[in-house]
Every structure is written in structure tokens, then in C-alpha cells.
Amino acid sequence: MIRLLFTIVAGIVLGLVVHLVSVLALPRIATQDAYSRLTPMTKLNAVTQLPLADPQTSPMPFMDPAFALAICRYDLTNGPIKLTVPVSQAYTSVSFYTRNEIAYYAINDRSAGRKVIELDLMTEAQHSELPEDEEVTAADRLIIDSPTATGLILMKALAPEPGLMQQAQATLAAATCAPQTEAPAKAEAPRRR
């Protein structure tokens, strides 16, 4: 009886360990992650609009048909990038993901408090190399530290009615994501890990 009970408990523990290891390893070994799916259809360090959500042809699962979407696939190895996203009439959000799909920062039009979401994206090492400028505050320029050199920036603009989808798409078409041409001003930025 004790052997049977021991065998059952050992089987349950082994099953839990195998399940936990497979769940934790799956994101690292998956070949069709978001970054891999979007690589053929996006340019590096540039904004690319995604097609409207359609259950049969969506590049990503669970896309909301009420949002216009754009992606910037970034690489910070050659320096920081500057992101500028105009705010739509209804709602605009920008989310940042590492290469392994870990979200590390998000901002929307309400928290930005401006008509344009404008920020500098760089690695922590690039941020520490910036010269100090006491006259520039965090309200002047937002600097985001990326935990990895590569990743994705997802931009969304809400179309509250189907007739406003073209306007939401036009807002994202005006967004830019490009390497910095001038040195960004030093500012204290939120560091998320």
C-alpha cells in the first residue's frame, strides 16, 4: 500500500516538474513568436502599419478590429532611436516589448498629456553615456531604457466607429521610429525591469 501511494505521489511530482519546465521553456524555443512573424513584413527601425484584423489573415492572434495597429521593430546596437506618435481623437497607446515578448513599458495619450507621444528609446548603457543637462527635466523629454537591444514597439489607435478607421490609420501613418540624428537631452526616466 505504501509503495502504491509513493508511486502515485512520485508520478504527480514528476508530472508537475515536466509541466513547469515545458511552460517556462516554450517561449524560448518557439519558432513562430511575434518577432519572427513580423520580421518579413516590417522594416528595421521604421514604422510599418499592420493590415486590419481579420480572423483568417491576421499576422497576430487576438487582434482587436476596433484598433489600427502599427509596429516598429527596433535594434539599438547602432544607437538610440526616436519615436514620435501623433495622438488620435479617441485613444492612442504605445507598448514596448523585448525580443522575447516581455512587456517593459507602455504609455497612452492620456498619460502623455500632449498631442504627440514623443520619446527616446535606448539601452541603459547608452543612457548612462548621455551628458548631464540640469535645465532639461523629465517633462521635456521622455527617455525609455530598453532591457534588450532588439524588440518591438506596438502602436494602437482606436476607431470608436468603423467609419473612423481611416482616420485612426492616418494617425499611425504619421508616426516615426528612426535612429537619433541629434544627441538626446539628458532627463530622468522611468526604468522598468
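**Note on the predicted model: sheet, salt bridges, disulfide and surface patch**

1. An open sheet of four strands runs in the order β7-β6-β3-β9, and its pairing is mixed. The edge strands are β7 (142-146) and β9 (176-179), each of which pairs on one side only. Neighbouring strands of this sheet are turned by 25° against each other on average, direction ignored. Such angles run from 0 to 180 degrees between N-to-C directions, with axes as lines fitted to C-alpha atoms (for helices, over the stretch in contact). Two strands count as paired if DSSP finds at least two bridges between them. Strands of a sheet pair through backbone hydrogen bonds, either parallel or antiparallel.

2. Some ground rules. This is a predicted model, in which local features need pLDDT of at least 70 and side-chain atom pairs count only at pLDDT 80 or more, while totals for chains, interfaces and linings use all residues. Residues are numbered from 1 along each chain as its sequence is written, and side-chain values use heavy atoms, with hydrogens and water left out.

3. How is the chain built overall? The secondary structure comes to five helices and nine strands. Along the sequence the pattern reads α-α-β-β-β-β-β-α-β-α-β-β-α-β. Helices (H or I, at least four residues) and strands (E, at least two) are DSSP runs, numbered from the N terminus. Of the 193 residues of the chain, 37% count as buried. Here buried means under 20% relative accessible area, exposed means over 50%, and partly exposed lies in between (1.4 Å probe, protein chains only).

4. Strands β3 and β9 run antiparallel and are joined by four bridges. T84 stands opposite T176 in β9.

5. Which residue sits at the other edge strand? D145 is found in strand β7. D145 counts as buried because its relative accessibility is 6%. In sequence, D145 and Y105 are 40 residues apart; in space, they are 9.1 Å apart, C-alpha to C-alpha.

6. Next, the charged pairs. Side chains of opposite charge can pair when their charged atoms come close. A salt bridge is counted when a side-chain nitrogen of Lys or Arg is within 4 Å of a carboxyl oxygen of Asp or Glu. The count by this rule is three salt bridges. K82, E118 and D120 are linked in a network of them.

7. E118 forms a salt bridge with K82, and the closest N and O atoms are 2.9 Å apart. This pair links distant parts of the chain: E118 is in strand β6 (residues 116-123) and K82 is in strand β3 (residues 81-86), 36 residues apart. D120 also forms a salt bridge with K82, with closest N and O atoms 3.6 Å apart. That pair links distant parts too, with D120 in strand β6 and K82 in strand β3, 38 residues apart.

8. K82 has 23%, so K82 counts as partly exposed. D120 is buried, with a relative accessible area of 0%.

9. D109 is buried, at a relative accessible area of 10%. R110 is exposed, at 56%.

10. Now the covalent link. A disulfide is a covalent bond between the sulfur atoms of two cysteines. The structure holds one disulfide (cysteine sulfur atoms within 2.5 Å). C72 is joined to C177, S to S 2.0 Å. C72 lies in strand β2 (residues 67-75) and C177 in strand β9, so the pair ties together parts that are 105 residues apart in sequence. The torsion about the S-S bond is about -50°, so the disulfide is left-handed. C72 is buried, with a relative accessible area of 0%. C177 is buried as well, at 4%.

11. Which residues form the nonpolar patch on the surface? They are M1, L4, I8, I12 and L16, with about 590 Å² of accessible area together. Patch residues have over 30% relative accessible area and no salt bridge; nonpolar side chains (Val, Leu, Ile, Met, Phe, Trp, Tyr) are joined within 5 Å, and like charges within 9 Å. Accessible areas come from the Shrake-Rupley method with a 1.4 Å probe, and for residues only the protein chains shown count as cover. L4 is found in helix α1 (residues 2-29). L4 counts as exposed because its relative accessibility is 52%.
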